[in-house]
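Here's a quick briefing to read alongside the model. Have the viewer open and follow along.

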Amino acid sequence: MSIIQEFLRYNRQTMLPEIGDSGQEKLKKAKVLVIGAGGLGCPILQYIATAGVGTIGIIDFDKIEIHNLHRQILYTGNQVGLSKALMAKEKLEELNPLITVEAFESKLSSENASEIIQKFDVVVDGCDNFTTRYLVNDTCVALGKSLVYGSILQFEGQMAVFNHKGSKNLRDLFPEPPDPKKVPNCNVNGVLGTLPGMIGTMMAHETLKLIMDLPTLENELLLFSTLNWGFTKLRF
């Protein structure tokens, strides 16, 4: 019965000659860890889950707050105060009962990063701070894991793929993290709710392509301004 369910669920994407049954099987066998179940994490998680990524990990220690709801669309108002990781896991299992979802209700740290990340093939970084970004990057480099990176602010977003098949990593682009006090963030500068939806969906798209061995960004940083619809691709 599950074979029939899989065919019916995924046939619109397996019809693509670039994907087919072999591509879907790669998705089914893939293990993807998403760092953060917030503005970027919500669309990333929804789209990789519904596409059929077989095992998904979610790491987030935050609770749902009312100011999250305009952009973190996995959650509802009656879930305020509950665990993002657990509520995201519950929702993804409703969206696709054919996959396995594991929730980590902990803060990623130097003590647990290797233990958690080593369980997965691909890491998708949807976090909101530079300390975690560099920890994730350095751990992925140490463990040889591919990393899909993205960030947002106000009307702008950026995306890259790091450490994939010998490609460069975050420190090749930005060798050291900036002073957190000098870096604008969404808590202070704000963000339009649709922006993380767009960038997160792009990150999910790139993740799926990576798993299926389709062309992905390589030593390139994609900059996306949604105010005037400008794309810039920088090589590094």
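How close do the axes of helix 3 and helix 4 come, and at what angle do they cross? They come within 9 Å and cross at roughly 30°. Bear in mind that this is a predicted model, where local features need pLDDT of at least 70, side-chain atom pairs count only at pLDDT 80 or more, and totals for chains, interfaces and linings use all residues. Residues are numbered from 1 along each chain as its sequence is written, and side-chain values use heavy atoms, with hydrogens and water left out.

**Helix 3 against helix 4**

- Helix 3 covers residues 41-51 and helix 4 covers residues 84-95; helices here are DSSP runs of H or I with at least four residues, strands are E runs of at least two, and both are numbered from the N terminus.
- The axes are lines fitted to C-alpha atoms over the stretch in contact, with angles running from 0 to 180 degrees between N-to-C directions.
- The crossing is right-handed, meaning the near helix is turned clockwise from the far one by less than a right angle.
- Leu45, Gln46, Ala49 and Thr50 from helix 3 meet Ala88, Leu92 and Leu95 from helix 4, where contact means heavy atoms within 4.5 Å.
- Gln46 is buried, at 18% relative accessibility (buried is under 20% relative accessible area, exposed over 50%, partly exposed in between, with a 1.4 Å probe and protein chains only).
- Leaving out residues up to four places away in sequence, Gln46 touches Ile73, Leu74, Leu92 and Leu95.

**Nonpolar cores**

- The largest nonpolar core has 45 residues, and Leu45, Ile48, Val53, Ile56 and Ile58 touch the most other members; a core is a set of buried Ala, Val, Leu, Ile, Met, Phe, Trp, Tyr and Cys residues joined through side-chain atoms within 4.5 Å.
- Helix 9 (residues 194-211) gives this core its largest share, eight residues.
- Among the contacts of Ile48 beyond four places in sequence are Val32, Val34, Ala204, Thr207 and Leu208.
- There's also a second, separate core of 23 residues, including Phe104, Val136, Ala160 and Phe162.

- Strand 7 (residues 220-225) pairs with strand 8 (residues 230-235) in the antiparallel sense over six bridges; pairing takes at least two DSSP bridges.
- Leu221 sits opposite Leu234 in strand 8.
- Four residues lie between the strands, and Trp229 takes a positive phi near 55° in this hairpin.
- Leu227, in the loop between the two strands, is exposed at 53% relative accessible area.
- The C-alpha atoms of Leu227 and Phe155 are separated by 5.9 Å, though the residues are 72 apart along the chain.
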